[in-house]
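I opened this notebook to keep track of what I looked up, one topic at a time. The entries follow the order in which I went through the chain.

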Amino acid sequence: MNKKIHTNDLGIIDYQKAWDYQEQLLQQTVRIKQALAKGVEAPGQAQETTNYLLFCGHPHIYTLGKSGHMENLLLDSQQLEDKGITFSSTNRGGDITYHGPGQVVGYPILDLENFFTDIGKYLRNLEEVIILTLADYGVKGERSAGETGVWLDPQDPARARKICAMGVRCSRWVTMHGFALNVNTNLDYFGNIVPCGIVDKKVASMHEELGREVAEAEVKSRIAQHFATVFGAEMIMD
């Protein structure tokens with residue numbers, strides 16, 4: 001099993017362009033798996049699948065998961081245009097969320113057969129990576145029972161707030177989409193949606209919690225380090 005994960009920072013990139021690139025890597029991995037399953041060995045063909053962790057950020061956009069509800073978007077098309085925000089329906093899990101400047105987005109394209117074949121465990125591992133990263137900054141991230149992502153004070157209904165949203169897709173045990181951690185994010189943009197379809201909880205950012213701007217490059221580095229620990233992987237910086 002190949003437990004090496006190639007890490008690449010795409011910078012600020014259009015959401016659809018990043019989605020297309022993820023799909024390209026996923027389909028490439030699936031083709032390799034199909035060929036290996038058939039025992040087909042062609043010259044120059046990879047003899048194992050490759051794992052990726054893509055970091056990026058996006059211009060202002062609201063994205064809706066395949067199980068989401070349009071009523072959780074509180075703006076019409078004209079209002080979106082006026083505010084310079086785009087919208088996309090996606091094939092990931094989850095409801096609606098926001099992506100924009102100041103956010104660290106991570107898209108793992110992993111062949112889970114290199115690690116374990118358990119989507120629930122995969123999501124819990126992603127949460128653990130973010131929880132450990134937040135702990136490096138003295139922020140206590142936690143899980144909220146029955147809800148995916150990483151939260152602050154989830155046991156206190158009056159203070160519970162989400163700092164990292166997650167939504168994934170898996171095809172033939174190959175993952176795509178991933179997590180969005182609010183680092184220096186302008187949280188006002190969440191006021192135009194019902195984040196993740198949850199009406200009674202707020203959102204948070206590292207900037208807001210710490211009272212200072214946080215270096216996003218450093219956050220990405222720490223996420224990669226904890227990714228290696230949690231997944232028992234070797235990270236390769238491309």
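**Helix α1.** I began with the residues that α1 keeps from the surface, and found that Tyr-15, Ala-18, Trp-19, Gln-22, Glu-23, Leu-25, Leu-26, Thr-29, Val-30, Ile-32, Lys-33 and Ala-35 are buried. I kept in mind throughout that this is a predicted model. At the N-terminal end I noted a cap by Asp-14, which places a side-chain oxygen 3.0 Å from the backbone nitrogen of Gln-16. Just after the helix, I found Gly-39 with a positive phi of about 75°.

**Strand β2.** Next I asked how many residues of β2, residues 51-57, are buried. The tally was seven of the seven, so the strand is largely enclosed by the rest of the structure. Asn-51, Leu-53, Phe-55 and Gly-57 point one way, while Tyr-52, Leu-54 and Cys-56 point the other way. Looking for its neighbours, I found that β2 pairs with β1 (residues 4-12) in the parallel sense over six bridges, with Leu-54 as the bridge partner of Asn-8. With β6 (residues 103-109) the strand runs antiparallel, joined by five bridges, and there Phe-55 has Gly-106 as its partner.

**Cysteines.** Cys-56 is buried at 1% relative accessibility, and Cys-164 is buried at 0%.

**Salt bridges.** I then turned to charged side chains, for which the count comes to 11 salt bridges. Lys-33 meets Asp-111 at 2.9 Å, N to O; Lys-33 lies in α1 and Asp-111 in the loop between β6 and α3, so the pair ties together parts that are 78 residues apart in sequence. Lys-33 also meets Glu-113, at 2.7 Å, and that pair links parts of the chain 80 residues apart. Asp-111 is buried at 3% relative accessibility, whereas Glu-113 is partly exposed at 40%.

My last entry is the salt bridge between Asp-136 and Arg-222, at 3.3 Å, N to O, which links helix α3 to helix α5 (residues 216-231).

Notes
Residues numbered from 1 in each chain as written. Predicted model: local features only at pLDDT ≥ 70, side-chain atom pairs only at ≥ 80, totals over all residues. Heavy atoms only, no water. Buried < 20%, exposed > 50% of the residue type's maximum accessible area, 1.4 Å probe, protein only. Helix = DSSP H or I, 4+ residues; strand = E, 2+ residues; numbered from the N terminus. Polar contact = N/O pair within 3.5 Å; in protein donor to acceptor, adjacent residues only side chain to side chain. Pairing = 2+ DSSP bridges. Salt bridge = Lys/Arg side-chain N within 4 Å of Asp/Glu carboxyl O.
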